[in-house]
Amino acid sequence: MTWENGQLEIHLRVSQAALHASEEEASAIQVRLAKFDTTVAGKMSSMNASIQISTIFILIVFLFL
């Protein structure tokens, strides 16, 4: 019984370490996405709306040709 408890504790520690690593990776990805969102928002706000609409329209037209 004590051997089994020891094995369960080892598995628990390994699982906790994997969870911690996954949480750190997710946090790093969230930071990268936030920076990307800021970059995209800055670029989008600097473009003229009519140019955006025209570009999208042209791309849609080419998709259906």
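A residue is called buried when its relative accessible area is under 20%, exposed when that area is over 50%, and partly exposed in between. The model discussed here is predicted, and these classes are applied to its single residues below.

The protein chain contains two helices and zero strands. Helix H1 covers residues 2–46, and helix H2 covers residues 49–63. Of the 65 residues in the chain, 0% are buried. The chain exposes about 6000 Å², of which carbon and sulfur atoms supply 69%.

Side chains of opposite charge can pair when their charged atoms come close. In this model, a search of the whole structure finds one salt bridge. It joins the side chains of Glu-9 and Arg-13, with an N to O distance of 3.6 Å. The two residues are four apart in helix H1, about one turn of the helix. Glu-9 has a relative accessible area of 41%, so Glu-9 is partly exposed. Arg-13 reaches 53% and therefore counts as exposed.

The other feature to follow is nonpolar. Ile-56, Ile-60, Leu-63 and Phe-64 make a nonpolar surface patch of about 480 Å². One of these residues, Leu-63, is found in helix H2. Leu-63 counts as exposed because its relative accessibility is 67%, and the cut-off for that class is over 50%.

Terms used: Residues numbered from 1 in each chain as written. Predicted model: local features only at pLDDT ≥ 70, side-chain atom pairs only at ≥ 80, totals over all residues. Heavy atoms only, no water. Buried < 20%, exposed > 50% of the residue type's maximum accessible area, 1.4 Å probe, protein only. Areas by Shrake-Rupley, 256 points an atom, 1.4 Å probe, with all protein chains shown as cover. Salt bridge = Lys/Arg side-chain N within 4 Å of Asp/Glu carboxyl O. Patch = residues over 30% accessible without salt bridge, like charges linked within 9 Å, V, L, I, M, F, W, Y side chains within 5 Å.
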